[in-house]
Amino acid sequence: MAKLYFNYSTMNAGKSTMLLQASYNYQERGMRTLIFTAAFDNRAGVGKVASRIGLSSDALVFDDATDIFSEVQRLHGEEPVACVFIDEANFLSEHHVWQLASIADTLGIPVMTYGLRTDFQGKLFPASKELLAIADELREIRTICHCGRKASMVARFDHDGKVVTEGAQIDVGGNEKYVSYCRRHWMETIKGQ
């Protein structure tokens with residue numbers, strides 16, 4: 001039975017690396033995979049998933065209007081799909097999460113999603129909330145704070161290095177903008193500004 005998986009963590013835990021490795025494992029055995037990423041995430045180029053350690057792959061893109069279920073169903077009809085991978089799952093819409101569940105339940109294709117659980121304010125992303133509620137399996141990918149404890153929070157910084165505590169939930173960036181912390185050091189960072 002195919003399942004919907006949510007692999008979540010904070011920034012810099014290796015989510016994209018794990019996604020690319022898992023997709024490669026399928027492809028190495030002659031199985032077709034589909035990789036999706038957010039259309040507005042152009043850090044590696046539009047339609048690209050890239051990891052900090054240099055791995056990359058082309059990807060299909062989604063935005064709020066994309067019907068991921070129909071796209072996967074169409075492509076699966078042309079040539080069987082063994083697994084669907086979603087990078088930056090926190091950028092999905094809630095209706096996308098239900099489409100992914102339908103891919104697993106109706107088409108029998110496993111769906112592996114990778115994304116952030118919470119934003120820079122410690123709030124759940126809408127898609128992450130939905131995935132936590134309905135995914136068949138939840139897997140936490142761990143990274144560490146500078147103190148050595150598990151990092152579970154992320155702080156956003158502006159171009160002057162000052163912590164940002166308000167603003168849009170989504171602001172694409174990497175190490176130049178975000179730092180992962182344990183809850184204690186996140187709270188100290190936020191209160192210190």
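**Notebook: sheets, helices and cysteines**

I began with helix H5 (residues 183-191), which lies across S9, S10 and S11 and runs at about 25 degrees to S9. I note at the outset that this is a predicted model, and I read every entry below with that in mind.

I then looked up the sheet under this helix's entry. S10, S9 and S11 form an open sheet of three strands in the order S10-S9-S11, and the pairing is antiparallel. Strand S10 (163-164) and strand S11 (178-181) are the edge strands, each of which pairs on one side only. Between strand S9 (residues 153-157) and S10, which run antiparallel, I found two bridges, and in this pairing I noted Arg156 opposite Val164 of S10.

Next I turned to the other sheet. I recorded an open sheet of six strands, with parallel pairing and the order S5-S2-S6-S7-S1-S8. Strand S5 (60-62) and strand S8 (137-140) stand at its edges, and because each has a single partner strand, one side of each is left without a neighbour in the sheet. From one strand to the next, I have the twist down as 20 degrees on average. Within this sheet I followed strand S2 (residues 33-38) and strand S6 (residues 83-86), which pair in the parallel sense over four bridges; Thr33 stands opposite Cys83 in S6.

For helix packing I looked up helix H3 (residues 94-107) and helix H4 (residues 126-134), whose axes are 8 Å apart and which pack at an angle of about 35 degrees. The crossing in which H3 passes H4 is right-handed. On the H3 side I listed Glu94, Val97, Trp98 and Ala101 as making the contact, and on the H4 side Pro126, Ala127, Glu130, Leu131 and Ile134. Sorted by class, the contact of H3 with H4 has seven nonpolar residues, two charged residues and no polar ones.

Last, I checked the cysteines. How many disulfides does a search of the whole structure find? The search finds zero. I looked at Cys145 and Cys147 in particular: the closest cysteine sulfur to that of Cys145 is in Cys147, at 3.8 Å, which is too far for a bond, since a disulfide needs the two sulfur atoms within 2.5 Å. Looked up from Cys147, the closest cysteine sulfur is in Cys145, again at 3.8 Å and too far for a bond. Are these two cysteines buried or exposed? I have Cys145 as buried, at 3% relative accessibility, whereas Cys147 is partly exposed, with a relative accessible area of 36%.

Technical notes: Residues are numbered from 1 along each chain as its sequence is written. This is a predicted model: local features need pLDDT of at least 70, side-chain atom pairs count only at pLDDT 80 or more; totals for chains, interfaces and linings use all residues. Side-chain values use heavy atoms; hydrogens and water are left out. Two strands pair if DSSP finds at least two bridges between them. Contact means heavy atoms within 4.5 Å. Axes are lines fitted to C-alpha atoms, for helices over the stretch in contact, and angles run from 0 to 180 degrees between N-to-C directions. A crossing is left-handed if the near helix is turned anticlockwise from the far one by less than a right angle, and right-handed if clockwise. Ala, Val, Leu, Ile, Met, Phe, Trp, Tyr, Cys and Pro count as nonpolar, Asp, Glu, Lys and Arg as charged, and the others, Gly among them, as polar. Buried means under 20% relative accessible area, exposed over 50%, partly exposed in between (1.4 Å probe, protein chains only).
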